[in-house]
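Here's a quick briefing to read alongside the model. Have the sequence and the 3D view open as you go.

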Number of protein chains: 4
Amino acid sequence: MIIIMKPDASQEAIAKITSLVEANGLQVHLSRGSEVTIVGVVGDKTKLNGANLEIADGVEKIVAVTESYKLANKKFHPDDSVIRVGNTTIGPGTLTIMAGPCAIESQDQLMQTAFAVKKAGATFLRGGAYKPRTSPYSFQGLEEEGLRYMKEAREATGLNVICEVTSQHAIESAVKYVDMLQIGARNMQNFELLKEAGRAHIPVLLKRGLSATIDEWLNAAEYIMSEGNENVVLCERGIRTYETATRNTLDISAVPVLRSRTHLPVIVDPSHATGVRAYVAPLARCAIAAGADGLMIEVHPNPACALSDGPQSLTFEQFEQLTGELRPYADLAGRSF
Amino acid sequence: MIIIMKPDASQEAIAKITSLVEANGLQVHLSRGSEVTIVGVVGDKTKLNGANLEIADGVEKIVAVTESYKLANKKFHPDDSVIRVGNTTIGPGTLTIMAGPCAIESQDQLMQTAFAVKKAGATFLRGGAYKPRTSPYSFQGLEEEGLRYMKEAREATGLNVICEVTSQHAIESAVKYVDMLQIGARNMQNFELLKEAGRAHIPVLLKRGLSATIDEWLNAAEYIMSEGNENVVLCERGIRTYETATRNTLDISAVPVLRSRTHLPVIVDPSHATGVRAYVAPLARCAIAAGADGLMIEVHPNPACALSDGPQSLTFEQFEQLTGELRPYADLAGRSF
Amino acid sequence: MIIIMKPDASQEAIAKITSLVEANGLQVHLSRGSEVTIVGVVGDKTKLNGANLEIADGVEKIVAVTESYKLANKKFHPDDSVIRVGNTTIGPGTLTIMAGPCAIESQDQLMQTAFAVKKAGATFLRGGAYKPRTSPYSFQGLEEEGLRYMKEAREATGLNVICEVTSQHAIESAVKYVDMLQIGARNMQNFELLKEAGRAHIPVLLKRGLSATIDEWLNAAEYIMSEGNENVVLCERGIRTYETATRNTLDISAVPVLRSRTHLPVIVDPSHATGVRAYVAPLARCAIAAGADGLMIEVHPNPACALSDGPQSLTFEQFEQLTGELRPYADLAGRSF
Amino acid sequence: MIIIMKPDASQEAIAKITSLVEANGLQVHLSRGSEVTIVGVVGDKTKLNGANLEIADGVEKIVAVTESYKLANKKFHPDDSVIRVGNTTIGPGTLTIMAGPCAIESQDQLMQTAFAVKKAGATFLRGGAYKPRTSPYSFQGLEEEGLRYMKEAREATGLNVICEVTSQHAIESAVKYVDMLQIGARNMQNFELLKEAGRAHIPVLLKRGLSATIDEWLNAAEYIMSEGNENVVLCERGIRTYETATRNTLDISAVPVLRSRTHLPVIVDPSHATGVRAYVAPLARCAIAAGADGLMIEVHPNPACALSDGPQSLTFEQFEQLTGELRPYADLAGRSF
């Protein structure tokens with residue numbers, strides 16, 4: 001931690017800061033410049049919790065030097081993690097494709113989709129049983145009934161299944177039926193839910209919050225990991241910006257940035273990022289080219305009748321064509337699916 | 001709802017859209033221009049749920065004409081609401097001041113603060129018992145013990161008390177101790193929590209999400225109201241933008257915008273909006289000048305030692321000076337406190 | 001300047017950095033922590049221009065300690081500046097009101113408006129002769145003819161006049177007719193124009209760029225000042241965010257932030273910030289409450305027929321009512337108009 | 001154009017609107033719903049310029065149906081354009097690689113770079129002679145001397161050369177030395193400069209503004225085209241968002257969005273978008289996968305000593321390695337270089 005003093009900070013103010021830091025068992029290195037004095041703090045800064053140095057006399061600002069996330073931090077785990085889920089793994093060498101409807105609408109819709117996406121190369125079936133919708137008057141999901149359909153689809157096809165959870169209660173149900181839990185963008189900083197997911201015994205896909213920084217996202221992963229569940233996969237799904245041509249703005253740079261900061265796998269969801277079917281294919285290619293470990297794509301037997309997110313869903317034919325197009329990109333990236 | 005067709009939409013495509021709309025019991029008004037054809041849809045558009053017109057052949061885009069929130073909508077409730085909470089009301093004519101520490105740290109800290117803020121004019125004591133923190137390694141709150149201190153402070157001072165809730169479990173505890181629940185920014189689209197708050201029998205303060213649009217915020221209020229709890233107060237607390245000079249960017253325009261769209265009261269939190277103590281006073285004056293119904297301000301007996309948000313907290317003396325400064329602004333706005 | 005080394009930086013890398021810094025005539029203070037080593041650089045950092053320390057071996061990041069703007073910086077000019085313009089001053093004690101049409105449309109329109117805004121308390125007439133419009137097919141302004149009308153209005157009413165300039169050529173014309181030049185948001189980083197304005201002999205109003213940080217804005221002011229023209233006034237006019245309820249988001253916090261960083265006066269333009277007539281009055285009150293030195297407001301004899309920005313313009317009656325409402329706020333702020 | 005009336009709009013207000021529209025020679029189609037009335041306007045809406053319908057009695061909002069850009073609009077030019085520049089073309093089938101230093105520093109630096117980038121596959125040499133810098137105290141460029149070095153490099157290598165212009169004066173000089181003008185992000189809405197570039201007789205590369213929407217960007221292109229110069233190429237270089245992990249956020253979705261809206265070629269600048277050397281390669285691959293027509297990449301003989309943007313510049317070796325990596329991606333995209 002570095003404390004930058006104001007140009008007019010008094011000797012007394014500087015002395016007070018250094019005493020306070022030393023009294024907490026830390027060491028101080030002073031750099032006195034012609035304009036400002038800088039106080040370097042050496043040691044475990046958590047000892048200073050509760051000492052709000054920002055508002056001490058003469059202090060201009062505090063600069064953090066180390067990240068607050070540890071378990072998710074590449075500095076302490078330099079090798080990229082491979083996360084085992086159901087009958088497969090997510091991580092280096094593999095391109096994981098998760099596909100399925102935004103919302104589970106019926107047993108038939110889900111089963112049809114499961115067979116279609118498996119045929120095209122997906123290893124995961126996605127589908128929402130608990131839907132976080134902006135308006136209370138939109139379709140809210142089939143809940144546990146939907147989870148049962150997921151389990152049936154898994155048994156019939158051998159696909160791994162993943163489902164978003166939106167409450168402690170949903171987690172308790174979901175762990176009985178699915179291989180992986182998903183925490184959605186709107187709940188990325190629902191810390192109670194993160195802790196609960198950290199106590200579950202199955203892997204978690206953590207989507208980035210609508211306006212979460214990468215740093216906040218990794219701290220959210222840390223919440224899950226610090227409860228004992230280190231099987232976390234991150235999913236970039238677009239961030240909120242001023243541009244309205246797409247539903248969100250896919251922050252594709254997040255893929256290489258995460259690669260440099262964390263050992264956790266990263267997948268990309270081009271369907272939610274754009275909200276427009278025609279943009280899903282180019283952005284899926286991008287994701288692989290950027291180095292992503294996988295993709296999450298919305299597929300529906302009849303998008304024109306989907307109860308949620310129809311406009312961004314692919315038909316079975318479109319999805320099969322897409323996975324065909326993606327194979328040479330996966331090859332170039334040294335990944336198979 | 002208005003359907004704008006592509007310039008090259010075929011007669012057949014237009015006919016298909018109009019048949020689909022009419023088959024759902026709605027009326028169609030066609031406007032054929034030299035460049036584009038527009039299909040006006042008259043009637044209850046929820047009948048079209050599940051028909052994803054955006055991806056029908058020949059459709060360029062869909063424009064919504066009416067808002068999806070109803071109970072919160074000023075169009076259907078033109079008079080501004082007055083919300084009764086504990087021994088007071090929030091709404092026209094009153095300037096409600098909520099003050100207290102970010103986190104409840106001890107009985108003594110809370111009780112001291114309660115007496116100090118009451119003396120200076122506050123009618124609500126705020127204080128966090130469940131703290132949503134970015135890092136899992138930061139102080140997480142005293143939980144139910146903190147709620148008990150709130151109740152004691154209420155009994156000792158006659159202040160109304162408000163506390164943030166972050167889970168169903170926290171709501172169940174909080175309703176036994178406090179007068180008003182607070183839903184924080186990070187949970188504004190935690191729809192399960194909103195529904196739970198809608199089933200509670202005490203009023204709810206709903207903070208704006210970090211990057212929520214005003215429309216999404218009013219839909220979040222609608223989630224609470226549609227469960228039967230119409231006693232909702234909104235709190236603007238700054239939005240996320242590219243500017244880093246302040247912790248968030250206070251969207252002061254939200255006050256008059258909300259006034260034109262909803263009948264619910266609106267208060268402003270200048271402490272979280274800026275994250276800097278020196279900016280709290282000018283923005284508190286602004287909030288009143290913009291027409292806000294109240295303020296939420298962080299006050300701490302010793303900000304330099306606060307376990308959370310010390311840098312933005314006022315001392316007792318600073319808070320008393322502030323409320324003194326605010327009185328003439330309240331007078332100009334026709335409000336008293 | 002502070003150089004933060006990577007956790008795994010070698011002794012050799014650290015030694016290379018310190019040698020490089022010392023070779024440029026600067027001093028080094030090393031802080032070796034258990035996790036990272038920090039290199040404090042003491043002295044004039046411009047000596048290091050051209051040494052890209054960010055990419056030297058072992059460097060994690062560079063933290064700037066001092067601002068790059070000097071003439072605009074409050075640290076070196078602690079007293080707030082008073083800028084003399086025409087027959088008046090902008091700064092402490094005064095509330096400067098600039099009013100007039102977005103675009104000058106005719107002699108008659110401008111002259112009528114000049115008399116009306118003067119009567120209501122304005123001391124400046126604003127009006128656009130060169131209009132930066134998003135589409136090339138929108139009205140582009142009367143150019144020099146408009147400037148002549150400005151001068152006539154000034155002679156008839158005694159108002160000071162201000163006009164936006166968009167090119168070197170426009171500056172050459174404008175200085176012959178007006179009291180103050182305006183640099184618009186879209187040109188805030190048109191550095192050639194800034195330098196040209198810095199060589200003009202009349203004061204400059206510098207609007208904030210659509211997505212400029214406060215730091216970039218002050219650097220833009222520095223461009224003008226470093227050419228010899230220190231008579232710069234800043235104008236907050238809303239920034240671009242994800243929220244679409246208003247045309248831009250008025251960053252009202254910028255007023256107190258600027259007050260702490262610069263000695264230059266700050267005015268606020270609520271008309272462009274919101275784009276909606278009904279929000280102009282509440283935000284004008286806010287601006288005064290936040291500590292602004294003045295306001296810029298669009299007024300038009302007949303907003304329904306304005307060639308530019310009609311929807312946000314006030315009629316003469318609305319403007320007169322507004323200035324009446326603002327007087328007690330100006331009194332509270334210790335300003336007169 | 002569609003006019004949406006307020007729910008409580010009177011018959012008189014509706015009649016007044018329809019009369020006004022018809023009086024301007026346009027046709028009206030009325031749709032009366034149970035909640036709102038919608039007025040469809042058929043015909044050339046420019047006839048309504050100066051009639052500010054937004055503020056007419058009873059009007060809720062106006063929805064535009066057609067884009068304001070025409071020459072740049074794919075609707076009127078469905079085939080993708082091929083732009084001829086110097087000895088090559090930009091557009092379908094070609095992957096154009098522009099490479100070179102951010103700033104031209106010396107004849108030697110530029111000539112060395114020219115030979116290196118040509119060897120690696122670039123067909124354009126980029127280099128800044130006029131540098132728009134945030135601070136007036138940073139290096140501002142060699143100006144006309146730099147342009148001369150560009151011309152020499154062009155003659156020695158056969159590369160096409162491109163240079164940013166920041167003023168009318170710079171355009172007048174540049175057209176004598178270079179093959180293509182570049183308008184930078186900070187000048188994207190410097191409309192005087194756009195018009196001047198529209199009167200030049202060489203092609204123009206138009207970078208996206210820091211916070212420009214795609215619609216504003218295409219309108220900026222329209223400014224150039226409507227002056228007679230239809231040889232415009234667009235360059236995505238990252239937009240400003242709240243995320244600070246990268247210098248800007250590369251909006252990779254802009255590539256397919258532009259493809260659907262305009263016939264103009266699109267290239268991507270991963271160097272400015274990220275500001276970090278390590279992220280240039282993954283994002284260059286992305287750009288090709290998304291369908292871009294080319295890349296602009298910063299290359300410097302010795303990035304550690306670059307006077308501008310060193311941290312994001314590649315060395316000659318890194319650049320050669322990158323173009324090697326990009327060839328199979330270009331092949332997949334059906335493009336050669």
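Lys75(C) has a relative accessible area of 30%, so Lys75(C) counts as partly exposed; buried means under 20% relative accessible area, exposed over 50% and partly exposed in between (1.4 Å probe, protein chains only). Its salt-bridge partner is Glu67(C), with N and O at 3.0 Å, and Glu67(C) is buried at 18%. A salt bridge here is a side-chain nitrogen of Lys or Arg within 4 Å of a carboxyl oxygen of Asp or Glu.

Keep in mind that this is a predicted model, where local features need pLDDT of at least 70, side-chain atom pairs count only at pLDDT 80 or more, and totals for chains, interfaces and linings use all residues. Residues are numbered from 1 along each chain as its sequence is written, chains are lettered from A and ligands numbered from 1 in the order in which they are written, and side-chain values use heavy atoms, with hydrogens and water left out.

**More salt bridges**

- Over all chains, the count comes to 72 salt bridges.
- Glu320(B) pairs with Lys119(B), with the closest N and O atoms 3.1 Å apart.
- That pair links distant parts of the chain, 201 residues apart: Glu320(B) is in helix α10 of chain B and Lys119(B) in helix α2 (residues 107–120) of chain B. Helices (H or I, at least four residues) and strands (E, at least two) are DSSP runs, numbered from the N terminus.
- Glu320(B) is partly exposed at 37%, while Lys119(B) is exposed at 62%.
- Lys207(B) and Asp269(B) also meet in a salt bridge, at 2.6 Å from N to O.
- Lys207(B) sits in strand β11 (residues 204–207) of chain B and Asp269(B) in the loop between β13 (266–268) and α8 (270–274) of chain B, so the pair ties together parts that are 62 residues apart in sequence.
- Both partners are buried: Lys207(B) has 4% relative accessibility and Asp269(B) has 0%.
- There's a network of salt bridges too, linking Arg208(A), Glu236(A), Asp251(A) and Glu243(D).

**Where chains meet**

- Chain A puts 43 residues in contact with 43 residues of chain B, contact being heavy atoms within 4.5 Å.
- These two chains bury about 3500 Å² between them, 49% of it on carbon and sulfur atoms. Buried area is the accessible area (1.4 Å probe) that two parts lose on being put together, summed over both.
- Ile55(A), Thr134(A) and Tyr137(A) supply 16% of the area that chain A buries against chain B, more than any other three residues.
- Two salt bridges are counted between chain A and chain B; Glu216(B) and Arg240(A) meet in a salt bridge at 2.6 Å, N to O.
- Chain C and chain B meet through 34 residues of chain C and 34 residues of chain B, burying about 2800 Å², with 67% from carbon and sulfur atoms.
- Two salt bridges cross the interface of chain C and chain B, and Arg208(B) forms a salt bridge with Glu243(C), with the closest N and O atoms 2.7 Å apart.

**Helix packing**

- In chain A, the axes of helix α2 (residues 107–120) and helix α3 (residues 144–157) come within 9 Å and cross at roughly 35°. Axes are lines fitted to C-alpha atoms, for helices over the stretch in contact, and angles run from 0 to 180 degrees between N-to-C directions.
- Residues of α2(A) at this contact include Leu110(A), Met111(A) and Phe115(A), and among those they meet in α3(A) are Tyr149(A), Met150(A) and Ala153(A).
- Over in chain C, helix α7 (residues 254–261) has Ala254(C), Val255(C), Pro256(C), Val257(C) and Leu258(C) as its buried residues.
- Those buried residues pack against several elements, including α9 (280–290) of chain B and α6 (214–225) of chain C.

- Most residues other than glycine have a negative phi.
- Glu143(B) has a positive phi, near 55°; it lies in the loop between β8 (124–126) and α3 (144–157) of chain B and is partly exposed at 38%.
- Phi of Glu143(C) is near 55°, and Glu143(C) lies in the loop between β8 (124–126) and α3 (144–157) of chain C.

**Chain A overall**

- Chain A has ten helices and 14 strands, and its C-alpha trace spans about 75 × 40 × 40 Å along its principal axes.
- Of its 337 residues, 64% count as buried.
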